[in-house]
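Biologist: Hi! Could you walk me through this one while I look at it?

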Amino acid sequence: MDCKRPYQHRALKLLLSALLCMAMTACTWVKDDNDDCPYGFWLNLHYTYNILDVEAAQRHVADAYVYIYDTEGNFVKRLYITQEALTAGNYRIRVEGLPEGNYQFVVWSGIGNSPYAVAGDTQTRDDFRLSLASPAATCSAQLPPVFYGSLPAVHYDDSYATYDIQLTKITNQLACLVVPVTDNSTMNPDDYTLKVVTANGTVDAYCRLATETATTYEPFSMNHVTFDDADYGTLHGLQFNIMTMRLMEDTDCRIILEKKSTAEIVFNISLPEYIAMIGSLYTNLGEPLSVQEYLDRQDFYTIIFYLSSDLDQLIQMQVNSWRLRAYNHLKL
């Protein structure tokens, strides 16, 4: 008689019971809406590509249009997710119902607002265009923010997958203060016009500028301003608030102050050039920002233009908190 056989039989039963329990709790056993196991194909939206390098999607990204293209760039599907749905999902978007295969994903936010027009969005990725809706070459609107992000071709199937999409803000606000450096000069808003002129009113599905036609951005608001300056004391002048589409390092972009009555140009300078002078003073992970990275990360600029007492010459600038003096910086 084999005395070991009952013990072997009992051990086998215990092993089978343990395997059954493991199978019942495994993620592949049963799936339902309350399952804690990960499932589905997900896109995680992030907005950390800002000057503070902090996650700000929940505070700034209002909605999302997800464009899905095949590997050749042909349109497959478009999803629209409201801010309420984004918030409820912690800015995670589930994509479902696609045939298994490889796809490209492009995300836009804010493009459904009235100042913008979209063309070619259900054709190919190369046909997509986002532009200012106004047919005129002048924009004086307070533009709603627009964000862009993309994901290169990745494989889609029924297995669990999650991908991060980093968003870039492509609208900018300029708070431009024009002030004489003496308290004896006054400026009337009806006497001056400040504008930004650049060919950036249309972008493609890769967020590249897609036009050679210049857009003139004029103030959406204008008011008197008084502030205390470290060098000149109390100053009085004008504030012009302007919004633009994406600023590009290698695209000519001029900011121009003109006297209305005489059409005399007080100054006409390259905006990216002077913004770029301070961009290298900022870092990310210990490395200085490139000019374009600074332009993309910084979406709000306070620019002070200091004029001579006769209001005919630009003698100094301040971009955010950095001063640029005429004798060694300004090239007019």
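Modeller: Happy to. D63 is found in the loop between helix 2 (57-60) and strand 2 (64-70); helices (H or I, at least four residues) and strands (E, at least two) are DSSP runs, numbered from the N terminus. This is a predicted model, where local features need pLDDT of at least 70, side-chain atom pairs count only at pLDDT 80 or more, and totals for chains, interfaces and linings use all residues. Residues are numbered from 1 along each chain as its sequence is written, and side-chain values use heavy atoms, leaving out hydrogens and water.

Biologist: What does the D63 side chain reach at 3.0 Å, then?

Modeller: The backbone nitrogen of G110. The D63 side chain also contacts the Y80 side chain, a polar one at 3.2 Å (N or O atoms within 3.5 Å, one able to donate a hydrogen and the other to accept it; residues adjacent in sequence count only if both atoms are side-chain atoms).

Biologist: New topic: why is strand 12 largely enclosed?

Modeller: Because eight of the nine residues in strand 12 (172-180) are buried.

Biologist: Which way does strand 12 pair with strand 22, parallel or antiparallel?

Modeller: Parallel, over eight bridges, with strand 22 covering residues 300-307; pairing takes at least two DSSP bridges. V179 stands opposite Y306 there. With strand 17 (residues 233-244), strand 12 pairs antiparallel over seven bridges, and L177 has Q239 as its bridge partner.

Technical notes:
Buried means under 20% relative accessible area, exposed over 50%, partly exposed in between (1.4 Å probe, protein chains only).
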